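Good morning, and thank you for coming. Please look at the sequence and the structure while I speak.

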Amino acid sequence: MTAPILKATGLTKHFPTPGGLVRAVSDVDFTLNAGETLALVGESGSGKSTIGRLILRLIEPTSGQVEIDGKQLFTLKAKELRALRRDVQIIFQDPYGSLNPRMTVGAMLAEPLRLHGLASGRAVEPAVADLMRLVGLQPDQANRYPHEFSGGQRQRIGIARALAVQPRIIVCDEAVSALDVSIQAQIVNLLADLRKARGLAYLFISHDLAIVRHIADRVAVLYLGRIVELAPAAELFASPRHPYTRALLSAIPTPDPTARRERTLLSGEPPSPINLPGGCSFHPRCPFAVERCRTETPVLTGAGHVTACHLWPELPPQPAPPAELETSDRLKRLQARFQDERPMAAL
Ligand code: ADP
Ligand code: MG
């Protein structure tokens, strides 16, 4: 067994707000192995970005722990924290928002190299050029500013900046969600190539299940701040257990109206994380809920493939979503775009 490079235990983040306590993340446990891609999926507001921010220690937890390489992230002193920060980087959805508009790409990439003593003096320029080539950008574009690049190129810059400090873990927070479909495939392929080349581990946050299916080794499904199911990706897509996971998979849009699945499962908005329903948070939207679901919070059970549902494994079988997904036009188009490999080409 590979030892996990990251281990979250009882991770909890509640935000006190004038309207009440926002329970963004509650008692989340997971591990991330070296070289692995673990996807976090769930509707907007389910706590995905909050988990990402906790792992970077951009925010402090309400309770719980994150261990990175055996070190407790939240009790580290400033100096140790700085060293650990190198190991964990983040790529955001909107690279434009996180790139300094007044800095050239070259300067932006040189900064972390110098800061962490990875290159100095005359070694900086070739190191920057290497980074740019690595992500499919041309080194002679180093003196340009972010606005002179396309969306896909800017995401490449964001990736290069994350890679500059030679991290071992990258949190990708909706990293391709804002890009055109054809560009998404290029960036996802680039991330996959880099993972292999650099032995990176990704915490891949996304609401796009088709992309997750393509890139993830394991998938954790979040509902209102709790993991309700966690499994190897192939298994999760082939035999989802939790009613929420089933609903999510059935809601993958298909362009063919005759292939449209029952989507009644996910009727209604997710409840507010301020007034969480008691018991299983999903019970008000769950077609299978029984009395116990209203009163008792289920815990994750199983081995390898875990789910937090009182009714599992007695849940009625559902028409398997994968078969239908397999034949959906959308999946065919997605597969086509992932096969359309031009990984290193400048856009
Ligand atoms: P996701 O990334 O899955 O869309 P988030 O982690 O961004 O979800 O948010 C989870 C919940 O926490 C949401 O209800 C969000 O409004 C709330 N939240 C996030 N950050 C804060 C904050 N700083 N203060 C109050 N509530 C917050
Ligand atoms: Mg988010």
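I begin with two terms. Buried means under 20% relative accessible area, exposed means over 50%, and partly exposed lies in between, with a 1.4 Å probe and protein chains only. A nonpolar core is a set of buried Ala, Val, Leu, Ile, Met, Phe, Trp, Tyr and Cys residues joined through side-chain atoms within 4.5 Å.

Please note that this is a predicted model, in which local features need pLDDT of at least 70 and side-chain atom pairs count only at pLDDT 80 or more, while totals for chains, interfaces and linings use all residues. Residues are numbered from 1 along each chain as its sequence is written, chains are lettered from A and ligands numbered from 1 in the order in which they are written, and side-chain values use heavy atoms, without hydrogens and water.

Let us take the overall picture. The protein has 13 helices and eleven strands; helices (H or I, at least four residues) and strands (E, at least two) are DSSP runs, numbered from the N terminus. Of its 347 residues, 52% are buried. A contact means heavy atoms within 4.5 Å. Among contacts with a separation of 6 or more, 66% are between residues 24 or more positions apart.

Which residues touch the most other members of the largest nonpolar core? They are Ile159, Leu191 and Val219, in a core of 59 residues. Helix H7 (residues 181-198) gives the largest share of this core, six residues. Apart from it lies another core, of 35 residues, including Ala24, Val25, Ile169 and Val171. Returning to Val219, residues touching it include Leu38, Val41, Leu230 and Phe237, with those up to four places away in sequence not counted.

I turn now to the sheets. Two strands pair if DSSP finds at least two bridges between them. One open sheet has seven strands in the order E6-E7-E8-E3-E9-E10-E11, and its pairing is mixed. At its edges stand strand E6 (88-91) and strand E11 (306-307); each has a single partner strand, so one side of each is left without a neighbour in the sheet. Within this sheet, strand E9 (residues 218-223) and strand E10 (residues 226-232) run antiparallel and are joined by six bridges. One bridge pairs Leu222 with Ile227 in E10. In the loop between E9 and E10 we find Leu224, whose phi is near 45 degrees, a positive value in a residue other than glycine. Leu224 is buried, with a relative accessible area of 5%.

For the angles, axes are lines fitted to C-alpha atoms, for helices over the stretch in contact, and angles run from 0 to 180 degrees between N-to-C directions. Helix H2 (residues 78-87) lies across E6 and strand E7 (169-173), at about 50 degrees to E6. Helix H6 (residues 151-163) touches E6 and E7 as well, and its direction makes about 175 degrees with that of E6.

The other open sheet I shall describe has four strands, in the order E2-E1-E4-E5, with antiparallel pairing. Strand E2 (20-33) and E5 are at the edges with a single partner strand each, so one side of each is left without a neighbour in the sheet. Five bridges connect strand E1 (residues 4-17) with E4, and Ala8 has Val66 in E4 as its bridge partner. H1 packs on this sheet, touching E1, E2 and E4, with its direction at about 65 degrees to that of E2.

My next topic is charge. Side chains of opposite charge can pair when their charged atoms come close. A salt bridge is a side-chain nitrogen of Lys or Arg within 4 Å of a carboxyl oxygen of Asp or Glu. How many salt bridges does a search of the whole structure find? It finds eight. One of them joins Glu43 and Arg285, at 3.1 Å from N to O. Glu43 lies in the loop between strand E3 (37-41) and helix H1 (48-55), and Arg285 in the loop between helix H10 (243-250) and helix H11 (291-295), so the pair ties together parts that are 242 residues apart in sequence. Both Glu43 and Arg285 are buried.

Finally, a cis peptide bond joins Trp312 and Pro313, with omega about 5 degrees. Pro313 lies in the loop between E11 and helix H12 (321-327). Thank you for your attention.
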